[in-house]
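Please open the structure in your viewer and keep the selection panel at hand.

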Amino acid sequence: MSEPLLVERTDAVVTLTLNRPESMNSLDVALKEALRDTLADLERDRTCRAVVLAGAGRAFCVGQDLREHVATLESGTIDPLHTVRAHYNPIASMLANMPKPVVAAVRGMAAGAGASLAFLADFRIGGPKTAFLMAFTNVGLAADTGASWSLPRLVGHAKAIELLMLAQPVKADEAQRLGLLTTLLDDDEQVLPAAQELAARLASGPTVAYGAIKRQLSVGDAGTLSEALAAEAQAQAICGATADHRQATAAFVAKQKPTFLGA
């Protein structure tokens with residue numbers, strides 16, 4: 001039996017591949033637990049300086065494994081959506097708060113929680129067959145995996161309501177126009193290599209500063225100016241104490257290219 005999540009390391013880049021291609025990488029308990037636990041490890045792993053999230057086969061991820069979910073509903077459990085708290089919430093939190101860049105290689109369909117995973121990445125690379133579908137209402141559910149937080153930040157409140165309530169697919173060109181894709185390529189086969197190339201570029205950058213920027217924006221998006229200024233002061237104090245800042249500043253003055261060590 002193949003592993004539900006493939007983990008590949010290339011220098012400081014870790015690629016996580018959802019590996020259930022026979023079900024378009026639908027999320028069963030084994031895959032959700034593997035993704036949750038691996039993200040927790042990478043969050044603490046200072047040798048990892050960028051993460052790529054990808055899907056095996058022809059789809060990125062179509063969300064919850066509904067066959068497994070039907071079995072859960074029919075089991076008579078008093079909490080059939082326990083997976084939201086046990087799996088989806090911690091996965092979403094770790095992706096959003098990962099103190100290093102996350103790049104999603106969105107080849108093919110990203111639906112439901114699969115789309116939500118992509119929206120939590122810092123960058124999303126797609127190709128001609130990339131599509132997003134907020135499929136939750138098709139099965140009588142509201143959004144999860146952070147979509148109620150991430151989607152309005154990408155497309156605005158009104159468009160988020162439209163996408164979530166009407167559950168209509170968004171094809172690649174429209175996804176780029178809306179901001180759901182950072183980059184749209186002409187070739188689906190280049191989606192993963194392009195995502196890994198971007199991740200490698202980010203992995204050679206000031207990792208501490210990247211993490212600080214993510215924390216700043218999480219405050220600035222919803223907070224007051226005063227809260228944003230306080231977050232900026234805290235971030236600059238942290239970044240200012242890094243070897244990367246001191247070395248890069250000296251390199252700039254000397255008209256040299258800096259080398260960032262991520263610390």
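Which residue stands opposite Val-103 in strand 6? Select Val-103, and Phe-123 is found opposite in strand 6. The model is a predicted one, in which local features need pLDDT of at least 70 and side-chain atom pairs count only at pLDDT 80 or more, while totals for chains, interfaces and linings use all residues. Residues are numbered from 1 along each chain as its sequence is written, and side-chain values use heavy atoms, with hydrogens and water left out.

Next, display strand 4 (residues 102–106) with strand 6 (residues 123–126): they pair in the parallel sense over four bridges. Strands here are DSSP runs of E of at least two residues, helices are runs of H or I of at least four, both numbered from the N terminus, and pairing requires at least two bridges found by DSSP. Strand 6 also pairs with strand 9 (residues 183–184), in the parallel sense over two bridges; select Gly-126 to find its bridge partner, Leu-184.

Move to Thr-15 in strand 2 (residues 13–18). Thr-15 counts as buried because its relative accessibility is 3%, where buried means under 20% relative accessible area (1.4 Å probe, protein chains only). Its side chain makes a polar contact with the side chain of Gln-196 at 3.1 Å; such a contact is a pair of N or O atoms within 3.5 Å, one able to donate a hydrogen and the other to accept it.

Finally, select helix 9 (residues 207–220) and helix 10 (residues 225–240), whose axes, lines fitted to C-alpha atoms over the stretch in contact, come within 9 Å and cross at roughly 170°. Helix 9 is therefore roughly antiparallel to helix 10, a term for angles over 145 degrees on a scale from 0 to 180 degrees between N-to-C directions.

Definitions and conventions
Parallel < 35°, antiparallel > 145°, perpendicular 65-115°, else oblique. Buried < 20%, exposed > 50% of the residue type's maximum accessible area, 1.4 Å probe, protein only.
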